[in-house]
Amino acid sequence: MVKLASSILLSLIAGIAAVFFLAEAPTEFQTEILKTLGIICASIIFFCFTVSILADNYSQTDKFWSTAPIIYTWTIAYMTDFPPKIVLMSVLITLWGFRLS
């Protein structure tokens, strides 16, 4: 178990280091998209946490398991002016999300 945890932690550190030292910095537009998605993610987390406390039911995230990716992809499609590849991915993720719901 310690060996597995160590290898996972080492892989995570190596991946972060590789991105930090080898990748190009994101553009201002990419940063804006990441900030918007971060706000959406934080909102979903806050909502799930609040409802789970109020309802005394801690499985609130299960309700967003199929809908959150739909929200994320259509937000990206909107922010990038609906390019065909992103719209195709959004449609496929929407169909997958409806199948899971």
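**Close-up views of a predicted helical model**

**View 1. Helix H4 and its buried face.** Ala68, Ile70, Thr73, Thr75, Ala77 and Met79 are the buried residues of H4, where buried means under 20% relative accessible area, exposed over 50% and partly exposed in between (1.4 Å probe, protein chains only). This is a predicted model, in which local features need pLDDT of at least 70 and side-chain atom pairs count only at pLDDT 80 or more, while totals for chains, interfaces and linings use all residues. Residues are numbered from 1 along each chain as its sequence is written, and side-chain values use heavy atoms, with hydrogens and water left out. Helices (H or I, at least four residues) and strands (E, at least two) are DSSP runs, numbered from the N terminus. The buried residues of H4 pack against H2, H3 and helix H5 (84–100). With twelve residues, H4 reaches 17 Å from its first C-alpha to its last, close to the 16 Å expected at 1.5 Å a residue; the expected span is 1.5 Å times one less than the number of residues. Just after H4, look for aspartate 81, which takes a positive phi of about 65°.

**View 2. Threonine 73 within H4.** Threonine 73 lies in helix H4 and counts as buried because its relative accessible area is 15%. Leaving aside neighbours within four places in sequence, threonine 73 is in contact (heavy atoms within 4.5 Å) with Ile86, Ser90 and Ile93.

**View 3. The largest nonpolar core.** Seven residues make up this core: Ile33, Leu37, Ile40, Ile44, Cys48, Ala68 and Met79. A nonpolar core is a set of buried Ala, Val, Leu, Ile, Met, Phe, Trp, Tyr and Cys residues joined through side-chain atoms within 4.5 Å. Helix H2 (28–55) and H4 each supply at least two residues of the core, and H2 gives the largest share, five residues. Leucine 37 also touches Tyr72, Thr75 and Ile76, once its neighbours within four places in sequence are set aside.

View 4. Phenylalanine 64 lies in helix H3 and is partly exposed because its relative accessibility is 21%. Apart from neighbours within four places in sequence, phenylalanine 64 is in contact with Ile44, Phe47, Cys48 and Pro69. Serine 66 sits in the loop between helix H3 (61–64) and helix H4 (68–79), and its 6% relative accessibility is why serine 66 counts as buried. Not counting residues up to four places away in sequence, serine 66 touches Gly97, Leu100 and Ser101.

**View 5. Aromatic pairs.** Rings of Phe, Tyr and Trp (its six-membered ring) pair if their centres lie within 6.5 Å; planes under 30 degrees apart count as stacked, over 60 as edge-to-face and the rest as tilted. The count by this rule is three aromatic pairs. One of them joins phenylalanine 20 and phenylalanine 21, edge-to-face at 5.0 Å centre to centre with 85° between the planes; both residues are exposed. Tyrosine 78 and phenylalanine 82 also form an edge-to-face pair, at 6.3 Å centre to centre and 75° between the planes. Tyrosine 78 is exposed, with a relative accessible area of 59%, whereas phenylalanine 82 is partly exposed at 42%.

**View 6. Confidence along the chain.** The protein averages a pLDDT of 90, and 100% of the residues score at least 70; pLDDT is the predictor's confidence in each residue, from 0 to 100. Among the elements of the protein, H4 has the highest mean pLDDT (96) and H3 the lowest (80).
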